[in-house]
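The exercises below are to be worked with the sequence and the 3D structure at hand. Each task is followed by a solution in steps.

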Amino acid sequence: MAEIVIKNVRKEFGDFVAVKESSFTIEDGEFFMLLGPSGCGKTTTLRMIAGLELPTSGEIYLDGEEISQRPPSERDIAFVFQMFALYPHMNVRRNLSYPLVSQGMPRRQVKAKVEEVAAILGITDILNRPVGGLSGGDRQRVALGRAIVRDPKAFMMDEPLGALDAEFREHMAEELRALHDRMGATTVYVTHDQLEAMQMGDKIVVMNNAVVEQFGTPQEIYDKPASMFVADFIGSPSMNFLRFEGVVAEAAQSVNLAGQAIGVPRLRQGASGHLVFGVRPEHVTLSDTGGYRGEVLASEYLGTTQIITLDTPNGDLKARIDSTQTAKVGEKVGLSFQAPKVTLFDEATGKALRSELNHEVLAHG
Amino acid sequence: MSSFSVTEPSKRSKWFAGTLVILYALITMIPLAWIMLTGFKSPADAISYPPKVIFEPTLEGYVNLFTQRTRQTEDFLANNPPENWRDEIVRQYDMVIVGPSKFGERFLNSVIIGFGSTFLSIFLGTLAAYAFSRFKIPLADDLLFFILSTRMMPPIAVAIPIFLMYRQLGLSDTHLGMILLYTAVNISLAVWLLKGFIDEIPREYEEAALIDGYTRFQAFYKVVLPQAATGIASTAIFCLIFAWNEYAFAVLLTSGTAQTAPPFIPTIIGVGGLDWPAVAAGATIFLLPVMIFTILLRKNLLRGITFGAVRK
């Protein structure tokens, strides 16, 4: 088991830059998520850790050893592919044995090890079946089995649940997380599904356009987004952006939205020009006392909560409120925001302004 | 009451399609059947008019194909009674067998050259196709076009340069020379076909093998090759059929040691005066290896030809 350090890693394919100088640390035993939209460089990063791509520059340390230019066979890292990539001409048992055979392990030991892993994953009864006829879930388990069978230093998983249907995904996600907790192996997991990342990860790296946008725990990333991209990408519905023009001073505790002073966490940085007031839907409440008003455009009923879409002087806004509350379409209502949860962004750079809320998070990432 | 289905053809169209296929099979197989039958006819039956469909089978054609015979005086024939059934057959014409003909040798040459060049084409073709499919090769498209361009004119158009070149290099009438020549013609087909097949194999299989601790080459022959087997089999059949049937270069470049069966078979005509049964016997035997090879690989061939069209 191992710590993985990524240091200024860059990858170019000809003129195309897939990953710009990126750095982060994956601690021993962590379930680490690489999250981002497709084409953001997350899979390339994962493949560089595994050795399937060599970085153009930068270093990758596995357990303190620099491995960035080594072939995958010398890294002792297992990889679970999105399409599973089980060897189609072999049965389940041979698929599981294959990584052990390459190490020259004696046959009896291989057999014992394969059976042990099969028992962990509950696939003992299909060991002698060809992989062609297996269900998605069983293929997934065999792919996992092939990864864990040789006790590698770390696991790389490239959207391993992407090929499964929605119902089964949830189940497999739980199974995966349980397996990780049981083995405690460092795992790097690529996904474009923010829910999956929040649900399973100990830490998340959010990537966009070949750069690391933010790196932290799911809570940090959700509550204290470092950029508008992260705020928008994480959460469903995503964070509301109320755009306004103005000046905010360092140490300010409110901003002026449509003539109303709206509370924000004490700022540690001043800014001016096009600014964005970011607030999550669950931090918006409908109250008749609020001076800031909006007109209800639509409501979506979600069981315990409902999502209300409102038209405000600063653009559309979604609020997640209790479904017992009533909000009629066309009605004008007052709005209030939970001040300590608000993030301000500079629209030009897309970055969050430092405040009491997020200064610790922004300092390291 | 008739039901309509998009995927299941109606009875009538099935019947129609079946009849068409059988008709086509009959038309294409009649010449083959005729050749095979002629091999068992006597020379008189072979040229009788109207043609005989029912006749008394004889192995004369095959005996003539495999032997050299001379005409003998009546004295000699009276003093030397026939020793076996082959002698009996040739005695009808006052002849005796003096030794084996060259057919066996020529047939063996065909086997060596045909299978040798097929093996070499497939071996080189697979490696080249893998490289083109998986690695970034500078000017890969141009190289592939260049390889294909060797097939853009009839090979025989370069017969004279090759003839002169082979004479200089001492490759005329050698097995090696013919193997190299047929490989040169076949390799473009092999590279292009095999590249298509290898492109269809997801890279993840090899990457999984690399991760599992194998080298690139081990991943190639343990994981890619078994996946490419159908493609390799169908490519091999095409290569073998070309090399096996090739006539023009064989006539031009071989005369003795390395002569293959196709240029040899027609020479039989001249030996005993229009010996059609012997020619037909030679053609029948000549057909067998490709037929057997194709039947052995026929499952792969069918899958290979439709490969990629229905997968995924």
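## Exercise 1: domains of chain B

Solution. Step 1: chain B is assigned domain 1 (43-101) and domain 2 (104-306), with bounds that come from an automatic or database domain assignment. The model is predicted: local features need pLDDT of at least 70, side-chain atom pairs count only at pLDDT 80 or more, and totals for chains, interfaces and linings use all residues. Residues are numbered from 1 along each chain as its sequence is written, while chains are lettered from A and ligands numbered from 1 in the order in which they are written.

Step 1: between the C-alpha centres of domain 1 of chain B and domain 2 of chain B there are 38 Å. Contact involves 10 residues of domain 1 of chain B and 10 residues of domain 2 of chain B; two residues are in contact if their C-beta atoms, placed from the backbone, lie within 7 Å.

Step 2: on the side of domain 1 of chain B that touches domain 2 of chain B, α2 (43-46) and α3 (60-66) of chain B each supply at least two residues. The largest share of that side, six residues, is from α3(B). Helices (H or I, at least four residues) and strands (E, at least two) are DSSP runs, numbered from the N terminus.

Step 3: the residues of this side of domain 1 of chain B are seven nonpolar, two polar and one charged. Ala, Val, Leu, Ile, Met, Phe, Trp, Tyr, Cys and Pro count as nonpolar, Asp, Glu, Lys and Arg as charged, and the others, Gly among them, as polar.

## Exercise 2: overall form of chain B

Task: why is chain B described as more spread out than a compact globule?

Solution. Step 1: chain B has 15 helices and two strands. Step 2: its radius of gyration is 25 Å, well over the 20 Å that the globule rule gives for 312 residues, so chain B is more spread out than a compact globule. The radius is taken over C-alpha atoms, and the rule is 2.2 Å times the number of residues to the power 0.38.

Step 1: along the principal axes, the C-alpha atoms of chain B fill a box of roughly 85 × 75 × 40 Å. Step 4: 35% of the 312 residues of chain B count as buried (20 or more other C-beta atoms within 10 Å of the residue's own, with C-beta atoms placed from the backbone).

## Exercise 3: the contact of chain B with chain A

Task: which elements give two or more residues to the side of chain B that touches chain A?

Solution. Step 1: 14 residues of chain B contact 16 residues of chain A. Step 2: the elements are α10 (203-211) and α11 (216-245) of chain B. Step 3: α10(B) gives the most, six residues. Step 4: this side of chain B holds eight nonpolar, three polar and three charged residues.

## Exercise 4: strands of chain A

Task: describe the hairpin of β9(A) and β10(A).

Solution. Step 1: β9 (residues 203-208) of chain A pairs with β10(A) in the antiparallel sense over five bridges; pairing requires at least two DSSP bridges between the strands. Step 2: Val205(A) is opposite Phe215(A) in β10(A). Step 3: two residues lie between the strands, and Asn209(A) takes a positive phi near 45°. Step 4: five of the six residues of β10 (residues 211-216) of chain A are buried.

Methods:
A residue is buried if 20 or more other C-beta atoms lie within 10 Å of its own, exposed if 12 or fewer, and partly exposed in between; C-beta atoms are placed from the backbone.
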